[in-house]
Amino acid sequence: MKSYSRLGTYLWFIAAAISLLISMFLAVSYGAKDISLQSVWAAVFQYDSSLTAHQIIHELRLPRVLGAVITGMAFSVAGAIMQGVTRNPLADSGILGVNAGAAFSVAICFAIAPGLSYWGIIFFSFIGATATTLFIIVLGSSTPGQLTSLRLTVAGAVVAAILHSLSTGIAIYFDLSQDLAFWYAGGVAGVNWEHLRVITPIVLLAIFWAVMIGRPITFMSLGEETAVNLGVNTGRIRIVGLFIAVILAGSSVAVAGAISFVGLVVPHIARRLLGPDYRVLIPFSALLGAVLLVWADFASRMVNPPQEFAIGAMVALVGVPFFLYLARKEGREL
Amino acid sequence: MNAHKEILVRKRFRRAVAFSLIFSLVAVIVVLISLNTGSISLSPASVWQTMMGYGTNEEKMILFDYRLPRIIITMLAGIGLGVSGAAFQGTTRNALADPGILGINTGAALGLIIFVSFFRTMEGPLSLLIPIFTFAGGTLSAFIIFLFAYDRHRGILPIRLILVGIAVAAGISAVTLILSLKLDEETYSFAARWLAGSVWGRDWIHVWSLLPWVALLVPFIYSRSQTLDILSLGDEIAHSLGSHVTRERLLLLGTAVALTCASVSVAGGIGFIGLVAPHIAKRLTGPQHRYFLPVAALIGLVILVTADTIGRSIFRPNAIPAGVVVALVGGPYFLYLLFKSKG
Amino acid sequence: MKKITFMFVSLLLVAILSACGQSNEQTESSSSTPTNSEADIISHDPNAKIASMSIHITNNLLALGITPAGSVVGGDVKDFLPHVKDRLEGVAKFGVVTDPDMEAVLGLKPDVVYIDEVYSGQDLAKFEKIAPTITIDMDSGTWREHLKRIAEHVGREQEAEDFIQDYEAKAKRVKGLIADELGADAKVMAVRMTAKELRVMGTRRPLGPIMFEDLELKMADGVEKIPADEPYQVISREVLPDYDADAIFVIISTGDVAKSNYEELTKNPIWQNLKAVKNNHVYVLDGQKWLDYSSIGHSMALDDAEKLFSK
């Protein structure tokens, strides 16, 4: 096994933080309107609310980029936790149907109670995510024989397919199809400061909590028996871990739509670079996830301006080959 | 011993015939109900009279111009999906194989979106080309899936096949999404309905574009019942029985993909029928393809016609795509199968 | 085994052949019934039972004082367009034009059917089996031409002329009102907020002709650059200030998402800093009237503008 030195870890963290800053700066600097780098700099650090260019940066681009950062962190940490506590290398809130559950309950909200407040939507998003997770876990634990991670993945995908189909039905019946379709595809274009004020504390607290239980998660990811021998209350950690994952996925879905594959790809890369220690893995995944989504969002609006592509599609273009690679690799252990 | 076997065979044959008859009857009833669904109500008696050629001009138009083409399309697509699902399950030795879950439908959807983006129409003689486009898309996705799910030493690995199918489906729908967001609103809302599985064909031309595929490929698959029986026993036994395993499997897979794509092209991306129909049929008439294939075809027909009728009639004035109704029933069934099977 | 296969195939062949035979029979019967092509029916009784397969044809008929017996509905609202709904009470609904309920058309037993070449041209034969059918290409020609054309068929040419003259007079009046409010050289732009995007409306129909020809408003910077074959261009909010418009006409699409999108836009400092917004020259239009490229739609759009500017 490769050894992961402390120095190397620090260096990787510094590199990730720097590349996140650079990515954010680039994403803020370029857009439909040409704005010189100096005024970008000035807009961020000496904001003058009477200048249009400053307003564009401050009111349109910054919230959007910060939205990508926060949701990227949330999705990738959710994925990392799920992979750890379920010992399923293919776990991702999108693939396991958690995002679809959140999206489904938001669809119901749109249909039954239009004009619900932002907090209300986030709340229902949680409920949907939690219910789906519980359903999949209960389904899994009531199974005869061993619950393999692959079977759990397939079950999640099918639950997602059913929920997606139902959401479509609701959307068509209530004439929401266009509203919902775009939202399903995901996007951070509509994020504003108010959204950020709501979700940033939730996401950061949840990530902090996840780091706090990083040690037992690490033991669990090494194997149930090892964890029990080391005195970990596996049942409790599993429940707490999934709860955190659901909070993260639910709040992100409410802001940015159901973006899959971030939570799958990022933790794997992080694990390869820094090893299996979740106390390190979780914050590092958060940084990498933020970088990935900032770039995905940047790409989605720069490919064919002023039209914007769905950010979920952008991520899927990267995530799917990775998933195939993992599926092939993990498949050998079948 | 031989006598005993013969009795068994005869018993199976009788069961198969009995269930075929039962489901034919159910199919007739469902189709009749469906024929009665529409803005103008026609009594079963007048439907019958019109069929026999004694209806009024108006009744003839309602029946022959408006309702019949649509129902025939639904029936054909149901048959096609049921039989192709059975063929997928047989050739891949995977009880959970379903063209919808495997991502064949999504490939076909990509083909359709490309067609719409190019020709900007779904009607007229050009629509005869639609199955070819969907077939190309479906084949592409099938090719990628099998490429990734194939293991040199162990052949196609069942659960990996599904896993890869899910991923490929996600990837292809990403591309489809990118393309479909460029469509204008009207075409887009059509495409969205199509993806959710709504039977949209309503003209005879759509019947003609689907019929040849079903009429040729279903008998072909049926004629290979024995091969399917052997393939589903596993590669080793198949080899020892002298079957050209790989060639036969590819041939049957290609046929199943083609049949799926043709059905999907006029009926929309409907999943789960290819899963449920063969399973029920197998449970009723045993595992031999020559007995359960016809029953699977009939069950596929019954499910799709029923789902379409429910979707159109209960939720008026906004019709719900048949695919949504099917997923509501088929999805849980899939989960049941997944967790019932061991390992 | 082989026998079964053979039987199966031959059965199918029989089925195909019989189906083909049946369809042949059908085409024969349809060609043998006397078809009334458009040329045969230059005009018909204005009180005839009309089935209109285009919302715009319906509205042009209304402008001539004729209520059709049945009509398709708007695809967006899934109902008759809100601004003419009260005039269409009791009129049969045929569904959306892209997927019309043919049985409802047939059930109405109309005397004459009007179809739009663009949407229903391919189904002409089907309609002709129901009743004599008049085809109009609603994509070419102006609404004035459409109105006159329909007027010929129902024999109300004079009404059409009167309507157009009223319209021109009203346009002149509204133009004066707008000039009083905004000044003669004010540059304007029209934007539309939908659930997924913000659009700037170009010079093409539905909005271009009424704004820039009938009302002779000046275009804001960049509106003329929108390709002539596109009705609108999707823009990023970032470039809104570039248009430098003196007045902004806003259309909000139906649905809660579009509405909340607009509310959010108005809260944004970029919007609040626009010249037009600061000078209080933002006018939220009754969108359905303006987007309805028909005689009655345009006339009602002018009424809407008159109301907005005479305050």
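**Chain by chain**

Analyst: In chain C, 64% of the contacts with a separation of 6 or more are between residues 24 or more positions apart, where two residues are in contact if their C-beta atoms, placed from the backbone, lie within 7 Å. This is a predicted model, so local features need pLDDT of at least 70 and side-chain atom pairs count only at pLDDT 80 or more, while totals for chains, interfaces and linings use all residues. Residues are numbered from 1 along each chain as its sequence is written, and chains are lettered from A and ligands numbered from 1 in the order in which they are written.

User: How many helices and strands are there in chain C?

Analyst: Chain C comes to 14 helices and 11 strands, which are DSSP runs numbered from the N terminus, helices being H or I with at least four residues and strands being E with at least two. Of the 311 residues in chain C, 40% are buried, a residue being buried if 20 or more other C-beta atoms lie within 10 Å of its own, exposed if 12 or fewer, and partly exposed in between, with C-beta atoms placed from the backbone.

User: And what does the secondary structure of chain A come to?

Analyst: Chain A comes to 14 helices and 0 strands. Buried residues are 56% of its 334 residues, and among contacts in chain A between residues at least 6 apart in sequence, 77% join residues at least 24 apart.

User: Back to chain C, what does the domain assignment give?

Analyst: It gives domain 1 (38-155) and domain 2 (165-309) of chain C, with bounds that come from an automatic or database domain assignment. Their C-alpha centres lie 29 Å apart, and the contact takes 14 residues from domain 1 of chain C and 12 residues from domain 2 of chain C.

User: Which helices supply the domain 1 side of that contact?

Analyst: Helix H2 (55-63) and helix H6 (143-154) of chain C each supply at least two residues of the side of domain 1 that touches domain 2, and the largest share, 5 residues, comes from H2(C). By class, that side has 8 nonpolar, 5 polar and 1 charged residues, where Ala, Val, Leu, Ile, Met, Phe, Trp, Tyr, Cys and Pro count as nonpolar, Asp, Glu, Lys and Arg as charged, and the others, Gly among them, as polar.

User: How do strands E6 and E7 of chain C pair?

Analyst: E6(C), residues 187-193, and E7(C), residues 198-201, pair in the antiparallel sense over 3 bridges, and two strands pair if DSSP finds at least two bridges between them. These two strands form a hairpin with 4 residues between them, and Met193(C) has Leu198(C) in E7(C) as its bridge partner. E7(C) is also joined by 4 bridges to strand E9 (residues 232-235) of chain C, antiparallel again, where Arg199(C) has Val234(C) as its bridge partner.

User: Why does Asp244(C) count as partly exposed?

Analyst: Asp244(C) counts as partly exposed because it has 14 C-beta neighbours inside 10 Å. Asp244(C) lies in the loop between helix H9 (240-243) and strand E10 (247-252) of chain C, and its phi is near 50 degrees, a positive value in a residue other than glycine. Asn280(C) has a positive phi too, of about 65 degrees, and counts as exposed because it has 8 C-beta neighbours inside 10 Å. Most residues other than glycine have a negative phi, and most peptide bonds are trans.

User: Where is there a cis peptide bond?

Analyst: The bond from Arg205(C) to Pro206(C) is cis, with omega near 5 degrees, and Pro206(C) lies in the loop between E7 and helix H8 (207-214) of chain C.

User: Switching to chain B, where does helix H15 bend?

Analyst: H15(B) bends by about 30 degrees at Leu328(B), with a proline, Pro332(B), following within four residues; the bend at a residue is the angle between axes fitted to the seven residues ending there and the seven starting there. H15(B), residues 322-340, has 19 residues and reaches 27 Å from its first C-alpha to its last, close to the 27 Å expected at 1.5 Å a residue, the expected span being 1.5 Å times one less than the number of residues.

User: How many residues of H5(B) are buried?

Analyst: H5(B) is mostly covered, with 12 of its 16 residues buried, among them Ile104(B), Leu110(B) and Phe115(B). This helix covers residues 104-119 and reaches 23 Å from its first C-alpha to its last, close to the 22 Å expected.
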